[in-house]
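Thanks for asking me to look this one over. My notes follow as numbered points, meant to be read with the structure open beside them.

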Amino acid sequence: MVTVSTLLAEHPGFSEPAPSPLLLLGQGRDLASERGVECVGELPAPSDPNLVERARAARAALGSRAFVLGHHYQRDEVIDFADVTGDSFKLAREAAARPEAEFILFCGVHFMAESADILTSDQQQVVLPDLAAGCSMADMAAIGQVEEAWAVLQDVGIADSTIPVTYMNSSAAIKAFTGRHDGTVCTSSNAEVALRWAFDQVGGVDGTGKVLFLPDQHLGRNTAVLALGMSLEECVVFDPRKPNGGLTDQELRDARMILWRGHCSVHGRFSVQNVTDIRAAVPGVNVMVHPECKNEVVTAADYVGSTEYIIKQLEAAEPGSSWAIGTELNLVRRVAKAHPDKNVHYLDSTVCFCSTMNRIDLPHLVWAMESLVEGRMVNRIVVDADDAHWARVALDQMLALPGI
C-alpha cells in the first residue's frame, strides 16, 4: 500500500509509487474477465527486450494506413506510440478527422472504440488491442435494464416529460437508446450545457421536467447541484436491481434528476479524508478533482473539471505551486513529469490505476500492429447498424450544442 505520507516522503515533487502488478489478459482465454478473448498468434512477452523496436518497426510498416489514438489514462509505453492523445470524445473526433487512415488503433476502452466506429466511415476499421479493456462504469448500465427503467417511467406517467442524457462513458446501445428518445450525449466538459439543453426540451431548469442521467450518478449530481443550482433532494438514484428502481412513484414524480446507480471505480475512491490529509501535509495545496468524484469530495476541492481541464490548469499554474489531483494515476504522474517546476501530488491515500484501461499494454499493441502488417485483422470493433444510426443521432445532438 502506498499512502499519502509515502508519496510526500521525497517532497518537493511527485514521488513515483511502486509498480502495481496487473493481470495480463488476452493471452489464451479468461472467462472471468469482462470480455473473455483469445489472441490469434503469439502475444509478445512484456519482458521481450526487443518489444519497443518491434513496435517501432510495425508502426513504420503501417505508415499512414494506421492512426494510433491514446487515452490520457494509458500507460506511458503505449502513449509513446500514439499519434494523438486526449479524452474519449477528443479521440473519437480525431479518428473521424482522419478519413485516409485504413486502421484506427484505439488505445482506450471498449465504449471509446465503439464511438470511433460510429463516427468513422464504413471503409475504416477500428481495432482495440485487447478486447478485455472494458469499462466498469459503462457496464453498470445494460440496455435491458435501461429499457425496463424507461418502462417504469412510462408507468408512473413521467416518460413524456423526461429527456435521457448519457455520459460518453456508455455503450453504443445506451447511446442509441438516448438517440431514440430524443436525448443527447455529454462529456465531463460539456455536461452543464447538455443538461441545460435537455431541461429546455421539457420546460427549462426552473420547470418540472426531468432528466434521466446515465450511467454515472456523480457527474449528473455534481452538474445539477453545482452548475444548475438544484438541490440534492431533487436528485434521486435509480437502482436497476430493485423494483421501481428502489423509489416510490411519488419520489420519481418529484425528482428533477433521475440518476442511474453507476460510478467510476477510480474516481469513486477519493474521499473527504484524502482532502483533509493532503491539506494537512502540504500547506497551501490546491486540490483539483474530476467531476466523477463524489459530491462531498467535489465540494471540498478547490477546482473541479474534466481531464482536459486538469491538464490545462496545471499548464497555467504558477511555478512552485502545489497541487493534489484526484483522477487516474497514469495521468497524474504524467502531468507531474511534464511540470517539474510545480509540486504535484496524488490525492488518494492508496494508489489506484484504471485496471481496465491498463489492459492495453505494449505487448497487445505490438501484437495488433504486427497482425495488421501481416494482413490479419484482429479485434475489430463493429457497432450494430441500427444502434450506430441512433447513437450517431445522439452524438450529433451533442455536437450541435453551443461551445462544442
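1. Pro 291 counts as buried, because its relative accessibility is 7% and the cut-off for buried is under 20%. The model is a predicted one, so please read this and every later point as a description of that prediction. Pro 291 sits in the loop between S10 and H13. Leaving aside neighbours within four places in sequence, Pro 291 is in contact with Ser 188, His 218, Leu 219, Asn 222, Val 298, Val 304, Gly 305 and Ser 306.

2. His 290 is in the loop between strand S10 (286–289) and helix H13 (295–300). Is His 290 buried or exposed? His 290 is buried, with a relative accessible area of 2%. With neighbours within four places in sequence set aside, the contacts of His 290 are Tyr 73, Tyr 167, Ser 188, His 267, Val 298, Val 304, Gly 305, Ser 306, Thr 307, Ile 310, Gly 326 and Thr 327. Ser 188 is in contact with His 290 and also with Pro 291.

3. S10 runs parallel to strand S12 (residues 322–326), joined by four bridges, and Asn 286 stands opposite Trp 323 in S12. S10 also pairs in the parallel sense with strand S11 (residues 303–304), over two bridges. In that pairing, Met 288 stands opposite Tyr 303 in S11.

4. Next, a separate sheet description. An open sheet of five strands has the order S2-S1-S3-S4-S14, with mixed pairing. Its edge strands are strand S2 (84–86) and strand S14 (380–381), each of which pairs on one side only. Within the sheet, strand S1 (residues 66–71) and strand S3 (residues 103–107) pair in the parallel sense over five bridges. Ala 66 stands opposite Phe 103 in S3. Helix H16 (residues 362–373) lies across S3 and strand S4 (125–127), and runs at about 175° to S3.

5. Now a helix pair. Two packed helices are described by the angle between their axes and the distance between the axes. For helix H8 (residues 172–180) and helix H17 (residues 385–399), the axes come within 7 Å and cross at roughly 60°. The crossing of H8 and H17 is left-handed. From H8, Ala 172, Ala 173, Lys 175, Ala 176, Thr 178, Gly 179 and Arg 180 meet Asp 386, Asp 387, Trp 390, Ala 391, Val 393 and Ala 394 in H17.

6. Thr 208 lies in the loop between H9 and S7, and counts as exposed because its relative accessibility is 65%, where exposed means over 50%. Thr 208 and Thr 162 are 46 residues apart in sequence, with their C-alpha atoms 9.6 Å apart in space. Asp 239, in the loop between strand S8 (235–238) and helix H11 (249–254), counts as buried at 5% relative accessibility. Leaving aside neighbours within four places in sequence, Asp 239 is in contact with Gly 245, Gly 246 and Arg 261.

7. Finally, the overall tally. The secondary structure comes to 17 helices and 14 strands, and 58% of the 404 residues count as buried. Of the contacts with a separation of 6 or more, 66% are between residues 24 or more positions apart.

How values were computed: Residues are numbered from 1 along each chain as its sequence is written. This is a predicted model: local features need pLDDT of at least 70, side-chain atom pairs count only at pLDDT 80 or more; totals for chains, interfaces and linings use all residues. Side-chain values use heavy atoms; hydrogens and water are left out. Buried means under 20% relative accessible area, exposed over 50%, partly exposed in between (1.4 Å probe, protein chains only). Contact means heavy atoms within 4.5 Å. Two strands pair if DSSP finds at least two bridges between them. Axes are lines fitted to C-alpha atoms, for helices over the stretch in contact, and angles run from 0 to 180 degrees between N-to-C directions. A crossing is left-handed if the near helix is turned anticlockwise from the far one by less than a right angle, and right-handed if clockwise.
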